[in-house]
Amino acid sequence: MVQQILFIFAAGFAIWLFSKKALRIRRNILLGKDEDYSDHPGERWKNVLLLAFGQKKMFRNPLVAIIHFAIYAGFIIINIEVLEIFLDGVFGTHRLFASPLGAAYSWLINGFEFLAVAVLLACIIFLCRRNIIKLKRFVSQDLDGWPRSDANYILITEIILMSLFLTLNASDTILQERGYSHYAEHVTGNFSISQFLHPLLNGLSNSGLVIVERTCWWLHILGIFAFLNYLPYSKHLHIIFAFPNAYYARLWPEGKMRNMPEIQKEVLYAMQPESAPAEAAAPVKFGAKDVFDLSWRNLLDAYSCTECGRCTAACPANITGKKLSPRKIMMDTRDRVEEVGKNINTNGSFKDDGKTLLKDYISVEELRACTACNACVEECPVSISPLEIILELRRSLIMEDSNAPQEWNSMFSNVENNFAPWKFSPDDRDKWAAE
């Protein structure tokens with residue numbers, strides 16, 4: 001009874017804490033401008049199945065994709081086992097699903113154990129890739145400090161949780177064999193992997209085994225509760241957000257830029273003055289200077305970023321040594337949204353802090369380096385678009401602040417006066433063919 005009360009309290013506190021943070025993240029995302037993504041639901045669900053569940057883009061590198069899929073499948077499927085542990089904690093039972101599932105229960109747990117080993121091996125490989133092999137995209141300055149540690153912490157946590165799961169099963173099955181206390185109520189037989197730990201535990205007394213089993217059980221479930229509340233502060237939030245991000249992915253042609261109708265009309269009026277209305281309302285703002293000016297979809301992108309660096313590795317500007325890193329664009333956007341959220345938490349509503357996403361987080365040099373080639377969007381496993389944010393910030397930089405290189409200003413002036421990028425009168429365009 002004491003264990004039940006403690007468990008219910010721990011579970012309730014963990015769920016309340018996670019819900020509180022989740023609601024704040026939802027509020028932060030909705031600080032962005034409204035956009036409608038309710039069209040083509042069939043196509044959107046297809047994206048969820050292929051990109052989120054099927055991890056379609058990951059399989060461009062099959063070996064890494066299989067390793068990643070092992071962790072992903074383990075996370076999704078082993079949660080069925082977590083459900084049993086949760087219900088056992090609430091009702092004070094032992095292996096609640098054993099009786100209803102019968103012989104299928106042992107097959108299920110055996111499957112979970114194979115997945116647990118796959119997760120263990122995958123996490124070890126990924127730790128080696130990050131800290132021993134040191135792939136270029138994992139040693140980038142983008143990840144200096146907390147982001148690099150975050151990735152390692154989560155991999156180590158997964159290893160610990162899987163080890164606890166296997167040790168829990170091993171001690172449990174030994175107690176079943178010995179017919180000790182309530183463990184004898186459901187004799188499942190030995191499991192495929194955990195049975196190899198029996199030689200390490202057979203020398204313990206019954207009371208010693210109970211301590212091992214209970215310790216592993218509590219550490220396993222408390223570790224999951226801790227992991228749940230760590231997610232919102234980690235890049236691993238993509239475990240949850242990959243699914244809505246895939247659903248709300250952009251369906252228009254790749255590389256298509258969204259023009260502002262107001263600007264298109266101004267160009268039209270310049271070329272056909274007679275079509276201009278007597279009084280035309282000017283747009284309130286061009287582009288984006290801060291996160292409030294981006295769409296909620298851009299902010300969802302920022303929270304969904306896995307920080308894998310595939311976008312930056314594919315960026316031609318970054319490859320040639322320029323300062324631009326699409327991964328950093330997404331990380332900076334998320335950092336700014338979080339700072340704005342903390343400001344709202346403190347003051348009740350946003351109080352101007354003298355900062356903006358443009359310049360204080362993302363520099364002019366980074367924005368100008370972008371070639372708008374769309375490589376970052378194409379490479380992202382969860383359909384994030386750093387390019388949209390870059391274009392919106394650059395639009396603000398040029399049209400709001402008149403901040404552009406002299407070469408660009410010359411081109412803009414020529415377009416405005418000559419309707420072409422070159423400094424030739426429209427009347428002289430065909431002179432090259434005169435002879």
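Predicted model: local features only at pLDDT ≥ 70, side-chain atom pairs only at ≥ 80, totals over all residues.
Visitor: How many of the residues count as buried, and what share of the contacts join residues at least 24 apart?

Guide: Of the 435 residues, 46% count as buried. Among contacts between residues at least 6 apart in sequence, 76% join residues at least 24 apart.

Visitor: Why is helix α1 called oblique to helix α4?

Guide: The axes of α1 (residues 2-29) and α4 (residues 79-91) come within 7 Å and cross at roughly 125°. An angle between 115 and 145 degrees falls in none of the parallel, antiparallel or perpendicular classes, so α1 is oblique to α4.

Visitor: What makes helix α3 roughly parallel to α4?

Guide: Helix α3 (residues 62-77) packs against α4 at an angle of about 30°, with the axes 4 Å apart. Angles under 35 degrees count as roughly parallel, and therefore α3 is placed in that class relative to α4. On the side of α3 the contact is made by Gly74, Phe75, Ile76 and Ile77, and on the side of α4 by Asn79, Ile80 and Glu81. By class, this contact has four nonpolar, two polar and one charged residues.

Visitor: How do you know that Cys308 and Cys311 form no disulfide?

Guide: A disulfide is a covalent bond between the sulfur atoms of two cysteines. The cut-off for such a pair is 2.5 Å. The sulfur of Cys308 is 6.2 Å from the closest cysteine sulfur, in Cys311, and this is too far for a bond. Cys311 is likewise in no disulfide, its nearest cysteine sulfur being that of Cys308. By this rule the count comes to zero disulfides.

Visitor: Why are Cys308 and Cys311 called buried?

Guide: Buried means under 20% relative accessible area. Cys308 has a relative accessible area of 12%, so Cys308 is buried. For Cys311 the value is 11%, and therefore Cys311 is buried.

Visitor: What makes Asn245 buried, and where is Asn245 found?

Guide: Asn245 is found in helix α10 (residues 238-247). Its relative accessible area is 0%, which is under the 20% limit, so Asn245 counts as buried. Leaving aside its neighbours within four places in sequence, Asn245 is in contact with Arg297, Leu300, Asp301, Ser304, Val382, Ser383 and Ile384.

Visitor: Why does Arg26 count as exposed?

Guide: The relative accessibility of Arg26 is 53%, and exposed means over 50%; therefore Arg26 counts as exposed. Arg26 is found in helix α1.

Visitor: How many residues apart in sequence are Arg26 and Ile319, and how many Å apart in space?

Guide: Arg26 and Ile319 are 293 residues apart in sequence. In space they are 35 Å apart, C-alpha to C-alpha.

Notes
Residues numbered from 1 in each chain as written. Heavy atoms only, no water. Buried < 20%, exposed > 50% of the residue type's maximum accessible area, 1.4 Å probe, protein only. Axes fitted to C-alpha atoms, helices over the stretch in contact; angles between N-to-C directions. Helix = DSSP H or I, 4+ residues; strand = E, 2+ residues; numbered from the N terminus. Parallel < 35°, antiparallel > 145°, perpendicular 65-115°, else oblique. Contact = heavy atoms within 4.5 Å. Nonpolar A, V, L, I, M, F, W, Y, C, P; charged D, E, K, R; others polar.
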